[in-house]
Amino acid sequence: MNAQTQTENTHTIAVLVDNEPGVLARVIGLFSGRGYNIESLTVAETDAVNNLSRITVVTTGTPMVIEQIKAQLYRLVPVHEVSDLTLEGDSVERELALVKVVGTGEMRVESLRIADIFRARVVDSTNESFVFEIVGKSSKVDAFVKLMEPLGLVDVSRTGIAAIARGVVGMEHVG
Amino acid sequence: MARDQMNGSEIILEALNEQGVTDIFGYPGGAVLPIYDAIFQQNRIRHVLVRQEGGAVHAAEGYARSTGKVGVVLVTSGPGATNAVTGLTDALMDSIPIVCLTGQVPTHLIGNDAFQEADTTGITRPCTKHNYLVKNVADLGRVMHEAFHVARSGRPGPVVIDLPKDVLMGLGDYTPKSKVKVKRYNPQVKGDIKQVKAAIAALAKAKMPIIYAGGGVVNSGPAASQLLTQFVKMTGAPCTLTLMGLGAFPASNKQYLGMLGMHGTYEANLAMHACDVMICIGARFDDRITGRLDAFAPDALKIHIDIDPSSINKNVPIDIPIVGDVGHVLEDMIKVWRSTQSKVDSKAMNAWWEQIDKWRHVDCLKFNQGKDVIKPQYAIQQLCELSRNLKKEVYITTEVGQHQMWAAQYFGFEKPNHWMTSGGLGTMGYGLPAAMGVQIAHPKSLCIDIAGEASFLMNMQELSTIKQYGLPVKSFILNNFYMGMVRQWQELLHGGRYAESYMSSLPDFAKLAESFGMVGLQATKPSEVRDVIKEMIKIDNAVICDIHIDPTENCFPMIPSGAAHNEMLLGPNDETEKPVSEEGMVLV
């Protein structure tokens, strides 16, 4: 095993943390301070009773680097659990995006038609614009945004990836 | 007011008291005045007034490292906290348990750029193991006790508690230690027994094993050092120690190869390079240890015991990782070795020791002490010899540079917790305040800061503290008028262009000592060294010894940056034959 010759892979890592001030800064600081990549990051409280938040982070690295990232995350005091969803079996990953398209005439009709194919919903509308809501894998969102570009795309807001393991097992809540 | 309510400052002192704290190092200021007022009104905890907050943290580090207890620091907001940052980073790198209390502006002023406000939790987040901003006095007791738990358990480290002034003055209930249940951060202490068995099986088959131990053994407590000694003896394997691990295995033992790494011994580094099984115990494969990674112990099966999983597989791929406290794991390893009736291959082992003896025969630490100039190696050797059979314990601290490496090479340590040095961060100015902290913890002992003159100047304001508390700290300055290690690297890598590494305006150190009511001694000739050391040891007062050493002397042996263990430079004549590679030059 040699660090230089190992290939890089993308991993989705779920981290269960205490919902307290500074916890996100700790996680982000760890990535920037040690030179790791963050490709996507989402965070929200998921357990109000135990005051826990769940962070989903997508990162790329060699197996040795990914192992380091997980060990470094686990070392943080407010971190209760670290789960590598890419390694630990199948998982579901979803991202939501809000996509604003401005146009009239045939362009406007075309954007609506494509939205229908992608099962994107219209959540705001004026005579000259739509805001579409699209949910799916990041690749699906990418494809949708690309198709909207020539049709008057003016704004995109994406949530980043939320992910969860398939099957019966959940992340252990410490409490 | 309910009777059991206290103000925040009283809660802090009560918590410190429950944690067994007897000494704290600090410097007052506006934001922490309520704590100082509470300190004034009690006599269970002694406060040691330093002269700069950086000195307080290093003193607490020396105190912690020499006692195994948590060192406690108290500083004010803003500049008090920022001055502490270097010490905190030092403690993080060297895994020293510290709790640092920092003052903060009142909660309603936080974020307003108030006088002496700094974002202390923001600034210290990357240089602490954990930090807290306490916004409610009701949380204070719990936070204090959790902070001590975090600082001392697992891989120890510094913890900051930022304390807004209104929290220090507000009333609240105290949560005693017995009521605090730390639900988070419970590091694994016991190693996986399957892995332990695999490690023993590998060791029993080894023909050229080596045990490489570090500061983790010292951190685990004196029992771990005893277990290590026992384990090394029963396996018959050679043992080498890192800079942070010195004293974890007795230097006088025949199986000891000396320190390894950049300025380690020839035999230790060559044995590391050639070994077939390596057991790393509480060390972290630092770049000063490994040299060039792709040539590091190329044929060895590597076993790594560490309480911190992030240390494993960080720099060097490990075959058998064991996560756990080294004391516990060594106990299990000894049990398994016995119960499986493991034996080493004695024929192979004899051959291995024969090879090691050949390397030892090179005598890599030899030096020539002539009649005219004092060799630093000689000075340290004499210091070690003359302080060996004293009735008191001897504690050594160092600054950072050539003198530090010479101290590590020539001062033999027999016991753990007697050697305090800044290893990971390499903080010049560490040694004097650290020696002060050690002396506070061990008032009757002989505490010596082996220093270089440049490092000494970095925190010499603490001479004033040493004077105030009547501490008999000895400063043993190896004075070569240069930043010696900088000069050595300039010689090796930059064509001898000694940019800014020479100091032309040094003080008269003997007179400096006298100005603080201490004793100043000086040696300029080899014949004076022993007398000066004897005199220094005899004097029951702080002493500064100014030892004028050969200004051209370099630290050898040496693995140049970017080189492998088997590409060591043994002395100045070796330098020209093995020039440093281009890749090596960019490394530090």
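In chain B, 6 strands line up as an open sheet in the order β16-β15-β17-β18-β20-β19, with parallel pairing. The edge positions go to β16 (419-420) and β19 (519-523) of chain B; each has a single partner strand, so one side of each has no neighbour in the sheet. Keep in mind that this is a predicted model. Here's the rundown, starting with chain B, then chain A, then what they share.

**Chain B: overall build**
- Chain B carries 25 helices and 20 strands.
- Its C-alpha trace runs to about 80 × 60 × 50 Å along the principal axes.
- A compact globule of 588 residues would have a radius of gyration near 25 Å, and chain B comes in at 24 Å, so the two agree.
- Of those 588 residues in chain B, 55% count as buried.
- Take the chain B contacts between residues at least 6 apart in sequence: 77% of them join residues at least 24 apart.

**Chain B: inside the sheet**
- Strand β17 (residues 446-452) and strand β18 (residues 474-479) of chain B pair in the parallel sense, over 5 bridges.

**Chain A: overall build**
- Chain A has 4 helices and 9 strands.
- Along the sequence they come in the pattern β-α-β-β-α-β-β-α-β-β-α-β-β.
- The C-alpha atoms of chain A fill a box of roughly 55 × 45 × 35 Å along the principal axes.
- Buried residues account for 26% of the 175 residues in chain A.
- For chain A contacts between residues at least 6 apart in sequence, the share joining residues at least 24 apart is 75%.

**Chain A: strands around β3**
- Strand β3 (residues 52-61) of chain A has 7 of its 10 residues buried, so the rest of the structure largely encloses it.
- Strand β1 (residues 9-18) of chain A runs antiparallel to β3(A), joined to it by 10 bridges; A:V17 sits opposite A:S53 in β3(A).
- Strand β2 (residues 40-47) of chain A is also antiparallel to β3(A), with 7 bridges, and here A:V43 stands opposite A:I55 in β3(A).
- β2(A) and β3(A) make a hairpin with 4 residues between them, and A:N51 in the turn has a positive phi of about 60 degrees.

**Chain A: helix α3**
- Helix α3 (residues 105-117) of chain A has 13 residues, which at 1.5 Å a residue should span 18 Å; the end C-alpha atoms are 19 Å apart, so that agrees.
- Just after α3(A), A:R119 takes a positive phi of about 55 degrees.

**Nonpolar cores**
- The largest nonpolar core has 210 residues, and those with the most contacts inside it are A:V15, B:V73, B:I98, B:V99, B:I161, B:A213 and B:L228.
- Leaving aside neighbours within four places in sequence, B:A213 touches residues including B:L228, B:C239, B:L241, B:F249 and B:I281.

**Where the chains meet**
- At the interface, 15 residues of chain B are in contact with 19 residues of chain A.
- The chain B side of that contact has 6 nonpolar, 4 polar and 5 charged residues.

How values were computed
Residues numbered from 1 in each chain as written. Chains lettered and ligands numbered in written order. Predicted model: local features only at pLDDT ≥ 70, side-chain atom pairs only at ≥ 80, totals over all residues. Contact = placed C-beta atoms within 7 Å. Nonpolar A, V, L, I, M, F, W, Y, C, P; charged D, E, K, R; others polar. Helix = DSSP H or I, 4+ residues; strand = E, 2+ residues; numbered from the N terminus. Expected span 1.5 Å × (residues − 1). Rg over C-alpha atoms; globule rule 2.2 N^0.38 Å. Buried ≥ 20, exposed ≤ 12 C-beta atoms within 10 Å, placed from the backbone. Pairing = 2+ DSSP bridges. Core = buried A, V, L, I, M, F, W, Y, C linked by C-beta atoms within 7 Å.
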